[in-house]
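Please read the following account with the sequence and the structure side by side.

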Amino acid sequence: QVQLVESGGGLVQAGGSLRLSCAASGRTFSSYDMGWFRQAPGNEREFVAAIRWSGGITYYADSVKGRFTISGDDAKNTVYLQMNSLKPEDTAVYYCAARTRPNGQPDAWGQGTQVTVSS
């Protein structure tokens, strides 16, 4: 079974930065893409960013464009999320996810890491 383990969450003041990391462990698998989602209290889980390994194409939610950067290493099934100019509305639990095929829902999820941005 594949496990995704996130790290790097924490408490930061508005305008600050954090870097999240996610690494796969367990059964070896080849991911098609990896990404980040987040869920704030009372809200549904929402897409934040993703990277498709073929071509290194990245995707971002409009709310984080220009502030967040996703990167990673497909050989290691590791993905990062550099978050700059953080806002209180970025406060959420951030989840790492991976897909092994181009369509459908992620095949693996991390346990989540809390990001809290104070005003």
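Ile-70 has Leu-81 of strand S8 as its bridge partner. The model shown here is a predicted one. The pairing to which these residues belong is that of S7 and S8, which are antiparallel and share six bridges. The two strands make a hairpin in which four residues lie between them. Within that turn, Asn-77 has a positive phi of about 50 degrees.

Strand S8 also pairs with S3, again in the antiparallel sense and through six bridges. Here Arg-19 stands opposite Gln-82 of S8. S8 is therefore joined to S7 as well as to S3, where pairing requires at least two bridges found by DSSP.

How many disulfides does the model contain? The count comes to one, and the link runs from Cys-22 to Cys-96 with an S to S distance of 2.0 Å. Such a link is a covalent bond between the sulfur atoms of two cysteines. The angle about the S-S bond is -80 degrees, and the link of Cys-22 and Cys-96 is left-handed. Cys-22 lies in strand S3 and Cys-96 in strand S9, so that distant parts of the chain, 74 residues apart, are linked.

Are the two cysteines buried or exposed? Cys-22 has a relative accessibility of 1% and counts as buried, because the limit for that class is under 20%. Cys-96, at 0%, counts as buried too.

The next links are between charged groups. Side chains of opposite charge can pair when their charged atoms come close. The model has six salt bridges by the rule applied. One of them joins the side chains of Arg-38 and Glu-46, with 2.7 Å from N to O. Arg-38 also forms a salt bridge with Asp-90, and in this pair the closest N and O atoms are 3.0 Å apart. Asp-90 sits in the loop between strand S8 (78–83) and strand S9 (92–99), while Arg-38 sits in strand S4 (residues 33–39), so this pair ties together parts of the chain that are 52 residues apart in sequence.

Arg-38 has a relative accessible area of 6% and is buried. Asp-90 is buried as well, whereas Glu-46 is partly exposed at 36%. The pair of Arg-38 and Asp-90 is therefore one in which both residues fall under the 20% limit.

Arg-67 belongs to the loop between S6 and S7. Its relative accessibility is 10%, and Arg-67 counts as buried.

Where Arg-67 is buried, Asp-62 is exposed, with a relative accessible area of 65%. Asp-62 is classed in this way because its value lies over the 50% limit. The side chain of Asp-62 meets that of Lys-65 in a salt bridge with an N to O distance of 3.2 Å. The side chains of Asp-62 and Lys-65 are also joined by a polar contact of 3.2 Å. As for position in space, Asp-62 and Ala-50 lie 13 Å apart from C-alpha to C-alpha, with a separation of 12 residues in sequence.

The surface also has a nonpolar part. Which residues make the nonpolar surface patch of about 240 Å²? Phe-47, Ile-57 and Tyr-59 make it. Phe-47 is located in strand S5, residues 46–52. Its relative accessible area is 31%, and Phe-47 is partly exposed.

Note on methods:
Residues numbered from 1 in each chain as written. Predicted model: local features only at pLDDT ≥ 70, side-chain atom pairs only at ≥ 80, totals over all residues. Heavy atoms only, no water. Salt bridge = Lys/Arg side-chain N within 4 Å of Asp/Glu carboxyl O. Buried < 20%, exposed > 50% of the residue type's maximum accessible area, 1.4 Å probe, protein only. Disulfide = S-S within 2.5 Å. Polar contact = N/O pair within 3.5 Å; in protein donor to acceptor, adjacent residues only side chain to side chain. Patch = residues over 30% accessible without salt bridge, like charges linked within 9 Å, V, L, I, M, F, W, Y side chains within 5 Å. Areas by Shrake-Rupley, 256 points an atom, 1.4 Å probe, with all protein chains shown as cover.
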